[in-house]
Amino acid sequence: MPPLAERVGSLRLLRAFRRNTLDAFPRACLHEPAVTLRLPGGGCVVLLCVPEAVRHVLVSAAGDFARLPAGRRVLGPIAGRGLVLAEGEAWRRQRRVLAPAFTPRTVPLMAGHIARATEASIRRLDAAGGAPVDLQAEMQRLSLDIAASSMFSLETGPFEARIRRMVSGYLGGLGRPQVSDFLLPPGWPTPASPRRALFRRRWLRLVGEIIAARRAQGHGEAPRDLFDLLSTAHDEADGLLADEVGTMIVAGHETTASTLFWAATLLARAPAVQDALAAEARALDLGEESAADSLPRLSLARAVVQETLRLYPPAYMIARRALRDGATCGAALPAGATVMIPTWVMHRNPRWWARPGAFDPQRFLRPGTEPDRYVYLPFGAGPRVCIGAPLALAEATLVLARLARDFVVSLDGDRPVMPVATVTVRPDHAPRFRLRRRP
């Protein structure tokens, strides 16, 4: 990981938002409850680094905070008015619409989709014959297949390459926050606004094609998937259906693919954990009909996912804007201040984690070591906790178990894979992996 900075001035802070936000977190976050950084023009960023402050922002006084205008500028071209950016009554209504598709009882149905798509992925990896493979791209393809089939009963074949190309291109380019995203008032155009608007038009055209393909399949007797729920609740004319479909496609594959990539990177350097994972998986049937029954018994695989989410959380920070003057843990939170919860630092703080830099899945299996709810935050907390968390955990657990059962995974080369955080935590390069068939 990049080292934490000794001091972070306003210029370094703004540069970090553009290049790698992990460079914006000062070492003081490890021992101070709150760290205030001043911005040009009189604004400030307040980093809250203890569970009491996290609970204040996300639960106790959640109504006093809103999403950042910068977040809307960056994510708006993809998410529009979808759930991830909605606020107030619009957010509550959209959450109610989506809730039935993300309850625990949907996990068994989801498991079948995961197992079927994973089998296809295993065949593609096996066809490489041990030659170096781009596992990041394969995990993106697999997660996209699972998201499309499970949520929209749709095969991604005609759309898969275009979706991945557009999403990866955006997150690696226009989706990187810029200084102007933070400094200009809400509603003002930024230098990136015209290009982001062009991307949005192209993105909506692609989502429109996906919706048309799904509509051509017709409806069942009752809502059979997320698309049926969304199309019943939203009028296509107002554009909200397209925003929700686009949001769910991206959210359903980008963050899970990231988790699977980082898990593979960690396992490649932990052969003993790989062997234990393979032994656990070999004792179970991970096929389409039995994956749901096997899921609760994959305790080590789930712990590997949880530990990966601790070390490389896709949501590496939670950011809000203070709507009114307030305070927590001795820190002033003036109206208009940017309030950040550095999940990345809290997940690696020795105050709450033994050997915080070590990859140790057993920490999630030892009795009595459950982490504090407001210290371990891979899916956030409070009313806006990630609605798809149970399904994301199920997907990553089943895929990793099957991958470890079938292959010994190693990295092709010794170059360190460094995390770069902009919208999500991505690698600084796409390393090649070698996968050798287990006996």
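Leu11 and Arg19 are exposed, and they sit on the face of helix α1 that is turned away from its buried side. Keep in mind that this is a predicted model. On the buried side of α1, which spans residues 10-19, you will find Leu13, Leu14, Ala16 and Phe17. These four cover an arc of only 155 degrees around the axis, so they lie on the same side of α1. What do the buried residues of α1 pack against? Their partners are the strands β1 (34-38), β2 (44-48) and β7 (338-341), together with helix α8 (179-183).

Helix α11 covers residues 240-268, and His253 is one of its residues. Is His253 buried or exposed? Its relative accessibility is 2%, and because buried means under 20%, His253 counts as buried. Setting aside residues up to four places away in sequence, His253 touches Gln140, Ser143, Leu144, Ala147, Ile163 and Val167.

Some of those partners lead us to the next helices. Helix α6 takes in residues 135-152, and helix α7 takes in residues 160-172. The axes of α6 and α7 are 10 Å apart, and the two helices pack at an angle of about 115 degrees. As α6 passes α7, the crossing is right-handed. From α6, the contact uses Ala137, Gln140, Arg141, Leu144 and Asp145, which meet Glu160, Ile163, Arg164 and Ser168 of α7. Sorted by class, this contact of α6 with α7 has three nonpolar, two polar and four charged residues.

Helix α6 also has a partner in helix α5, residues 107-126: their axes come within 9 Å and cross at roughly 150 degrees. That angle makes α5 roughly antiparallel to α6, since the cut-off for this label is over 145 degrees. Here too the crossing is right-handed. On the α5 side, the residues that meet α6 include Met110, His113, Ile114 and Ala117, and on the α6 side they include Leu135, Glu138, Met139 and Leu142. Taken by class, the contact of α5 with α6 has eight nonpolar, five polar and four charged residues.

Ala281 lies in helix α12, residues 271-282. With a relative accessible area of 0%, Ala281 is buried. Which residues is Ala281 in contact with, leaving aside its neighbours within four places in sequence? They are Leu286, Leu298, Ala401 and Arg405. Ala281 and Arg405 are 124 residues apart in sequence, yet their C-alpha atoms are 5.7 Å apart in space.

Our last stop is helix α16, residues 389-406, which packs with helix α14, residues 299-311, at an angle of about 115 degrees, with the axes 8 Å apart. The crossing of α14 and α16 is right-handed. Ala301, Arg302, Val304, Val305 and Leu309 of α14 make the contact with Leu393, Ala396, Thr397, Leu400 and Ala401 of α16. By class, the residues of this contact of α14 with α16 are eight nonpolar, one polar and one charged.

Key. Residues are numbered from 1 along each chain as its sequence is written. This is a predicted model: local features need pLDDT of at least 70, side-chain atom pairs count only at pLDDT 80 or more; totals for chains, interfaces and linings use all residues. Side-chain values use heavy atoms; hydrogens and water are left out. Axes are lines fitted to C-alpha atoms, for helices over the stretch in contact, and angles run from 0 to 180 degrees between N-to-C directions. Angles under 35 degrees count as roughly parallel, over 145 as roughly antiparallel, 65 to 115 as roughly perpendicular and the rest as oblique. A crossing is left-handed if the near helix is turned anticlockwise from the far one by less than a right angle, and right-handed if clockwise. Contact means heavy atoms within 4.5 Å. Ala, Val, Leu, Ile, Met, Phe, Trp, Tyr, Cys and Pro count as nonpolar, Asp, Glu, Lys and Arg as charged, and the others, Gly among them, as polar. Buried means under 20% relative accessible area, exposed over 50%, partly exposed in between (1.4 Å probe, protein chains only). The arc is that of the directions from the helix axis to the C-beta atoms.
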